[in-house]
Amino acid sequence: MPMDDARRLERLHVEIIEPPDALARAIAHRIADLVRRRATEGRPCVLGLATGSTPVGVYAELVRMHREEGLTFRGVQTFNLDEYWPMQPDSFHAYHRFMREHLFDLVDLDPAQTHLPPGALPREQLAAACEAYEQAIREAGGIDLQLLGIGKTGHIGFNEPGSSAESRTRVVMLDTVTRRDAAADFFGEQNVPREAITMGVATILAAREILLLATGEHKSAIVRRAVEGEVDHEVAATFLQRHPTVTVYCDGAASSELTRVATPWLVDEVQWTEPLELRAVVWLSLRVGRAILKLTERDYTENHLGSLLARHSDAGVVNGLAFNALGGRIRGRSKLPREHKVICFSPHPDDDVISAGGILRKLHLNGNRIVVAYMTSGNIAVFDHDVRRYIDILERLAVDEHLARRRVDALTVSIRKFLGAKHPGEVDSPEVQDLKRIIREAEAVSGVETLGLRPEDTRFLDLPFYRTGRVKKDPVGPADVAIVRELLEAERPDMLLVAGDLSDPHGTHRLCKDAIDLALAEAYPAGATRPEVWLYRGAWQEWPVTEATWLVPLAQEELRLKIQAIFKHQSQKDSAPFPGQDEREFWQRVEARNKETAALLDRLGLAEYFAMEAYVVA
Ligand code: F6R
């Protein structure tokens, strides 16, 4: 099928821009162009704005352009999509506050020209306020450019499943999926408001131009649904298909399930490369339900893969190449390094055992010298009730052992007092933050001891960028890089294990990787031999077998030991404060994910392993 057919499958115009910051810059530039054009024409400019994690980079770039390039927002009016209800504008979680912190207070927008739905009004005044919001948009001349994110439910604004195409600004109930997504910011789903005020679908569609932004793999399924699926009131974003000037901007991860990206041979002539061939053969094998070595010429020709067959003499050759390529990636203990120096960088205390517990055990048995470096303290993910339990132990010990009571009491009384008066989401006192850090450090030591390592094999880097006490982190700075660099220079490792996630919900894994990449560049000048970097995926996903460089099999006993090590992270057990959409505990996800990787190889007709970890060598 020619490329036109790929586009025909896509019912919205899609632009894929990598990496995410280039995407943010492209959007910011489009907005800035409009703002400037309108200023030159002497006409007003009305922007529709969104909140959430996706547009943060866009606002940062607009602020930079304002400061460095003289971009002015005088004469611009803004209308935001939504606000939680009830919500005081100064509240930590208010979209009012979000907009002030990310844009309004940092540029020369006239505060009287910025509008958000009023979250602080009593219920009986809401209907009139919603009508007034619509009226204000009309009086401003309508929205010129509307920025949108997309929720996992396909919501635009807070138009959850069931919203009609005619809906206008109104109060809505938030979907469970949306509330769970917001749970991390609110320190628990129970604190997320149940209602919100949102522009309606019709309000959004009345904008003259619409830009929808999506970044991260967690958006890939809903992006495909919105772009390739039928218009359906269960997915509000599909209504955008009725608008003439919508552009969907995705990064590579968010576009990964679009047909033209996931299975390009279905919609286009493809330039075959080895990795693409392997992907196609694995796809075909799973699609027809036959092992790779049993795929026939007919399987290829009937499934749009005739061109792949044409590159090789027959199906047997294509099958054999793919089978060998996968088989060659399997590395048991005998093929893993021996007596090397290894640093395992773990963004939070527990990523090491969750994602790399199996290989760490094997590397330990192979006589490698391993250091596990925990990059952040992970203290925001410890529940207050755990802190109470530990100070109770401390107090009991103090009584029994006649410890310096005055010191112990001073500490525990002040911690109890703080926790007693704490509001959900409030930043912890330094004492509580410290105790939470210490709880996680002790768990981490216990975790690696389960794998056979010693407490002295751990390092707690406590990188400064993380020490905000909030979900929102600072950017990675020279102080972070210097700490990582010092460790690299002290250890001079041969091999690194690094978290290489694309879509960690809080961005911490990505920031940790940035710090490592910058430190490597500093510690190893061009030409110097760098350690080999093995990327593991965080708790949320595994590398697809077609992308993995190495597949490391785990025996039943090894998986059991790995799970025991995960159990040591008790503060994250039973119910983790930041579980994402997946309700399973980390150990359950790990068990399923490692067994699924092995089962997949089995289905493809390779050997039957019990479980498997996957790594990509950078
Ligand atoms: C925010 C809004 C929502 C978000 C969506 C995606 O004003 O209306 O539709 O755009 O929930 O949120 P993030 O960007 O946090 O994934």
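Which of the 13 residues around the ligand come nearest?

1. **Before you start.** This is a predicted model, where local features need pLDDT of at least 70, side-chain atom pairs count only at pLDDT 80 or more, and totals for chains, interfaces and linings use all residues. Residues are numbered from 1 along each chain as its sequence is written, and side-chain values use heavy atoms, with hydrogens and water left out.

2. Thr54, Asp82, His155, Gly157 and Lys219 come nearest among the 13 residues around the ligand; a residue is near if one of its heavy atoms lies within 4 Å of the molecule. That shell divides into three nonpolar, eight polar and two charged residues. In this count, Ala, Val, Leu, Ile, Met, Phe, Trp, Tyr, Cys and Pro are nonpolar, Asp, Glu, Lys and Arg are charged, and the others, Gly among them, are polar.

3. **Polar contacts.** Look for pairs of N or O atoms within 3.5 Å. The side chain of threonine 54 has an N or O atom 2.4 Å from an oxygen atom of the ligand, and aspartate 82 also places a side-chain N or O atom 2.4 Å from a ligand oxygen. For histidine 155, a polar side-chain atom lies 2.6 Å from an oxygen atom of the ligand. The protein covers 88% of the 410 Å² of accessible area that the ligand has on its own (Shrake-Rupley method, 1.4 Å probe).

4. **The sheet.** Seven strands form an open, parallel sheet in the order S1-S10-S9-S6-S2-S3-S5. Strands here are DSSP runs (E, at least two residues), and helices are runs of H or I with at least four, numbered from the N terminus; two strands pair if DSSP finds at least two bridges between them. Strands S1 (13–16) and S5 (114–115) stand at the edges with a single partner strand each, so one side of each has no neighbour in the sheet. Inside the sheet, five bridges join S2 (residues 45–49) to S3 (residues 76–80), and leucine 49 has asparagine 80 as its bridge partner in S3.

5. **A ring pair.** The rings of tyrosine 95 and phenylalanine 158 have centres 6.1 Å apart and planes at 20°, so they are stacked (centres within 6.5 Å, planes under 30 degrees apart). Tyrosine 95 is in helix H4 (residues 95–102), while phenylalanine 158, 63 residues apart from it, is in the loop between S6 (145–148) and S7 (170–173).

6. **Cis peptide bonds.** The bond from glutamate 18 to proline 19 is cis, with omega near -15°. Another cis bond runs from tryptophan 85 to proline 86, with omega near -5°.

How values were computed: Polar contact = N/O pair within 3.5 Å; in protein donor to acceptor, adjacent residues only side chain to side chain. Phe/Tyr/Trp six-rings, centres within 6.5 Å; stacked < 30°, edge-to-face > 60°.
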